[in-house]
Each structure stands twice: as structure tokens, then as C-alpha cells.
Amino acid sequence: MNSAFKFLDTSIGRKVLMALTGLFLCTFLIVHVSGNMQLFKNDYGLAFNQYSVFMTTFTPIKVVSYLLYLTIILHAISGFRLTMQNRAARKIGYGAAKDPRSSSWASKNMGILGTIILLFLVTHMANFWFKYKFGDVPYVQYMLDVNSGEVLGAPVGLTDSGHMKPHELMASDANGQPVKLVIVRDLYNVVKMAFQETWLVVLYLLGMIALAYHLVHGFQSSFQSLGIRHPSYASLIQGIGVWVFGILIPLLFAAMPVYFYFMKS
Amino acid sequence: MSGNMNLTLKVWRQKSQNAQGAFETYEAKNISPDMSFLEMMDVVNEDLIKAGKEPIAFDHDCREGICGMCSMYINGRAHGPLKGVTTCQLHMRSFSSGETITIEPWRATAFPVLRDLVVDRTAFERIQQAGGYVSVNTGSVPDANAIPISKENADEAFLSAACIGCGACVAACKNSSAMLFVSAKVSQYALLPQGNVERKERVLNMVSQMDQEGFGNCTNTEACEAECPKEIKVTNIARMNREFLRAKLFS
């Protein structure tokens with residue numbers, strides 16, 4: 001244990017910690033963006049609401065989510081410490097402006113970009129995670145076709161006695177036809193309502209721009225910190241960093257607030 | 001002579017390590033474009049001496065780009081605007097007449113300014129002393145073919161060994177990190193069989209000394225590679241990270 005701390009107190013150890021936590025957060029982004037794609041489904045939010053139940057109740061996911069919170073905190077604290085040490089390594093700066101050609105803008109501003117992302121994360125967790133966990137997200141009831149599983153119209157709100165749990169049951173509709181009822185908390189509506197606010201949509205877009213720049217440098221940089229670099233696959237890592245983590249994922253995330261902003265039910 | 005240049009120099013002047021420094025402006029008149037940057041500085045200094053003023057102190061030695069002594073930060077770039085060139089091999093034709101040139105010392109807490117443009121780079125020597133050598137007793141001179149080395153490794157080791165320890169990597173890095181220098185020294189031995197004996201201790205001790213000297217951490221901006229006069233590659237840094245992890249985890 002002692003030697004592990006000693007390792008993390010070396011310049012390379014600190015960078016290895018940044019790389020490992022950063023890559024773990026990258027894998028989380030893949031899961032998060034894929035799951036949230038269900039927001040685009042044309043089912044009045046049923047799939048997304050059921051997915052939210054699964055993500056907050058399935059034990060292995062719960063364990064991983066606590067690991068995730070810990071990782072975010074570690075990555076942020078470690079990044080802050082690195083930035084402070086790096087500043088101390090040059091107490092008196094240069095008079096002439098540094099030539100911009102020698103390094104990319106993102107690589108020189110990882111601390112600032114990370115801070116923007118952290119502020120975004122706090123807002124994001126307060127908007128949805130906190131509301132879902134501790135706030136008042138009402139239950140709704142979906143009516144589904146028994147055979148096709150198709151959602152038959154918008155869900156209806158339910159009054160919660162305080163003991164309600166997500167569940168499914170069989171019933172019959174007004175015409176006496178059998179239907180399936182699904183009762184879940186309507187996080188989808190919370191998302192939809194939140195993104196009617198212009199300032200919040202703008203904030204989310206800014207957050208995603210910061211994320212894009214952070215990952216364009218961060219993804220490939222983490223492999224370099226781990227010593228994983230060879231001409232045969234360097235361009236592949238670079239390509240994934242730019243196209244998947246720098247463009248595709250932030251773009252898909254950004255599409256979500258934009259979609260709800262312009263949907264205006 | 002026609003075609004000669006007139007330049008304005010903004011030079012960092014500082015009397016001693018603890019004195020307060022400041023930029024001073026000088027006119028460099030009638031400078032031949034064929035002069036090297038250091039020859040131009042010599043001309044300016046001669047004028048200063050004639051005027052009874054203190055000449056500008058700067059480091060230099062071989063003036064042919066191999067000793068690693070010259071160390072000027074010119075217009076926001078270590079060793080000036082050219083790629084793969086030390087200050088002494090930079091010529092005035094790379095500038096245009098009428099230009100203002102800003103000349104500063106390397107800036108790093110681990111490289112304190114001693115006077116004007118001269119910095120103390122003994123931190124690099126202490127890192128080198130921590131493990132940048134092979135202490136195997138080799139006896140008499142062995143046959144050249146006694147230790148086979150692949151051409152690839154020999155070339156790679158040679159490219160790493162081209163590092164002259166000038167400190168441009170530290171000067172160019174936004175974090176004043178010495179990773180490129182240390183990784184070149186680690187790589188040069190890690191690639192050769194002679195270096196294998198002390199492989200583990202070398203990387204651990206050199207990195208430990210680097211950290212003690214107060215250099216910053218690596219953010220992989222790769223400014224060091226862009227500014228290195230010997231074009232040392234950042235793949236050396238990846239190799240040093242590997243060597244370090246190997247030494248820490250698998251031994």
C-alpha cells in the first residue's frame with residue numbers, strides 16, 4: 001500500500017493515474033451515450049424510463065456507479081494537483097508570447113477544459129441524478145398493446161401514496177381489450193421540461209464543446225502516459241480519439257438537449 | 001555593405017540570481033545576414049563594451065551545434081524560429097531588417113537564471129549522475145562483433161543519444177518538464193544490451209532525481225519535440241513510461 005502511494009507520488013505515477021481514470025471515464029461515456037439514445041425513441045419515453053429504473057436498481061451497475069463517482073473525484077483532484085505543480089515549475093514566465101505552432105490548443109488547456117466539464121457535471125447531476133434520487137419525479141402509467149408491445153398514447157400521471165414502486169400489470173382498456181400497464185417514474189418528462197430552458201441548452205452545448213476538446217487530446221495522451229505507443233497503431237488511437245471521443249460522442253450528447261428544445265411537444 | 005540589417009533587440013538583463021531582472025532594448029546596426037545569431041550578439045556586446053556598459057552574458061561554447069551550451073529563447077521559441085537548429089547555428093538571414101527580436105533565458109524553477117541569459121542547468125547533470133551511465137566493467141576492448149545489436153535498435157539508440165542536453169525541451173514545455181531529456185537518456189541505454197544490467201535502477205533513479213529537481217509533469221503537448229534542436233522524438237517519453245512501469249510493477 002505504501003509503495004502504491006509512493007508510485008502515485010512520482011511524475012509518471014501521477015500521469016498513469018490520470019490516464020487510467022480518464023480511460024475509465026471514456027468507457028463510461030460510451031455506455032452513457034448509448035443508453036441515452038433511447039431518448040430519441042418514439043415511445044413517449046417508456047424505454048428511457050425503464051432503462052432509468054434498471055440503471056438505478058441493478059446491483060452491479062450500482063457498484064460501478066459508485067466507482068465512477070470516485071473516479072471523477074480522483075481525476076479532478078489529481079488534475080488539480082498536477083496543474084499546481086506544473087505552475088510551480090515555472091514561477092517566472094516568458095515575456096514573448098509562445099509560438100502557437102509547437103503544440104495544440106487543447107493540450108495546453110486541459111486544466112481549464114476539465115474545470116468547465118466538472119462545473120457542467122455538477123449542474124448535470126443536480127438536474128437529473130439528484131432529482132431522480134431525492135427529488136419529486138412523479139409516477140406515470142403507460143398502456144401497451146399486449147401482443148406488439150406498442151405504446152398506446154401518452155402516459156397518464158398517477159398520484160403516489162409514497163409507497164409506489166415501478167411495476168407492470170395486465171388490465172383491459174375501455175373496450176374490454178386486454179392491455180399491459182407499465183408504471184414507472186417519468187424521468188423522460190423531467191429531461192424534456194429541463195431542455196425547454198434556453199440557458200440550460202446553451203450550457204449543455206458549451207459543456208460538450210469542452211468535452212470534445214478535452215478528449216481530442218486526452219484520449220490519445222492517456223495511451224502515451226501508459227507507454228502504449230508504436231507507429232503501427234499510433235494513428236488508430238489518434239483517429240479514435242478525434243472521431244469517436246472528440247466528435248461522435250459529444251455530438252450525440254449535444255443532440256439530446258437540441259432535440260427536446262425544438263420538439264416543443 | 002548593402003543588404004545588411006538593422007534590428008531592435010529586447011533582451012532580458014539580470015545582474016545575479018536573486019536580482020530583479022527586466023527587458024532592455026538595444027539597437028543592432030549593420031548586421032550581416034550571414035552572421036550567426038551568436039555573432040550578432042558578439043557585435044552588440046562589443047558596442048556595449050565600447051560604450052562602457054556591461055555586455056550581455058550568454059552561454060556558448062562549440063558554436064557548431066553539438067555542445068548544448070547555447071540556450072536562448074528567441075521570439076517565443078527555444079533556439080529561435082528554425083526547426084532542428086541550435087541558437088549558434090541560427091543565422092540572421094532567418095530574420096528581416098527592422099524586426100524586433102525578443103531574447104530571454106530558459107524559464108524554469110529548476111533552471112534558475114544566473115545572469116542575463118545564462119541559466120544554471122546543473123539539474124540535468126544531477127539527473128545524468130543518478131543513472132545515465134553504464135557501470136559494467138568491460139575489461140579490455142572486445143571485438144566489434146562480440147555483442148550483436150539489431151540495426152533498428154542501434155539506429156534508435158543513436159537517435160536518442162543525439163540529445164545534447166541543452167534544455168530546450170524544458171524551456172519549450174508549458175510545464176517546464178524535463179521528460180524529453182530524461183527519456184532520451186533512459187532510451188539510449190534501454191535499447192542496447194550494455195544498458196540492460198542497470199535498466200531498472202536507471203529509470204527509477206533518474207525519474208526520482210528529475211522529480212526532486214522541481215521539473216513539471218508531462219501533459220503530452222509535444223512542444224518539446226517540435227522545439228528540440230536534435231529532433232528527439234516523444235516516443236522516447238512513452239518508452240521511459242514503459243520502462244518505469246516495468247521497473248515498478250514487474251520486479
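Predicted model: local features only at pLDDT ≥ 70, side-chain atom pairs only at ≥ 80, totals over all residues.
**View 1. Chain A from end to end.** Chain A carries nine helices and four strands. Start at the N terminus and you walk through the order α-α-α-α-α-α-β-β-β-β-α-α-α. Along the principal axes, its C-alpha atoms take up a box of roughly 80 × 45 × 40 Å. Of its 265 residues, 26% count as buried. Looking at contacts in chain A with a separation of 6 or more, 72% come from residues 24 or more positions apart.

**View 2. The sheet of chain A.** Here four strands of chain A line up as S2-S1-S4-S3, making an open sheet with antiparallel pairing. At the edges sit strand S2 (156–157) and strand S3 (167–172) of chain A, each pairing on one side only. S3(A) runs antiparallel to strand S4 (residues 178–185) of chain A, and six bridges join the pair. To pick out one bridge, look for Met170(A) and its partner in S4(A), Lys180(A).

**View 3. A helix on the sheet.** Helix H3 (residues 46–57) of chain A packs on the sheet, where it touches strand S1 (139–145) and S4 of chain A. The directions of H3(A) and S4(A) make an angle of about 55 degrees.

**View 4. Where chain B meets chain A.** This contact draws 39 residues from chain B and 33 residues from chain A. On the chain B side, strand S5 (100–104), helix H6 (199–212), helix H7 (223–227) and helix H8 (235–249) each give two or more residues. H8(B) has the largest share, with nine residues.

Definitions and conventions
Residues numbered from 1 in each chain as written. Chains lettered and ligands numbered in written order. Pairing = 2+ DSSP bridges. Contact = placed C-beta atoms within 7 Å. Axes fitted to C-alpha atoms, helices over the stretch in contact; angles between N-to-C directions. Buried ≥ 20, exposed ≤ 12 C-beta atoms within 10 Å, placed from the backbone.
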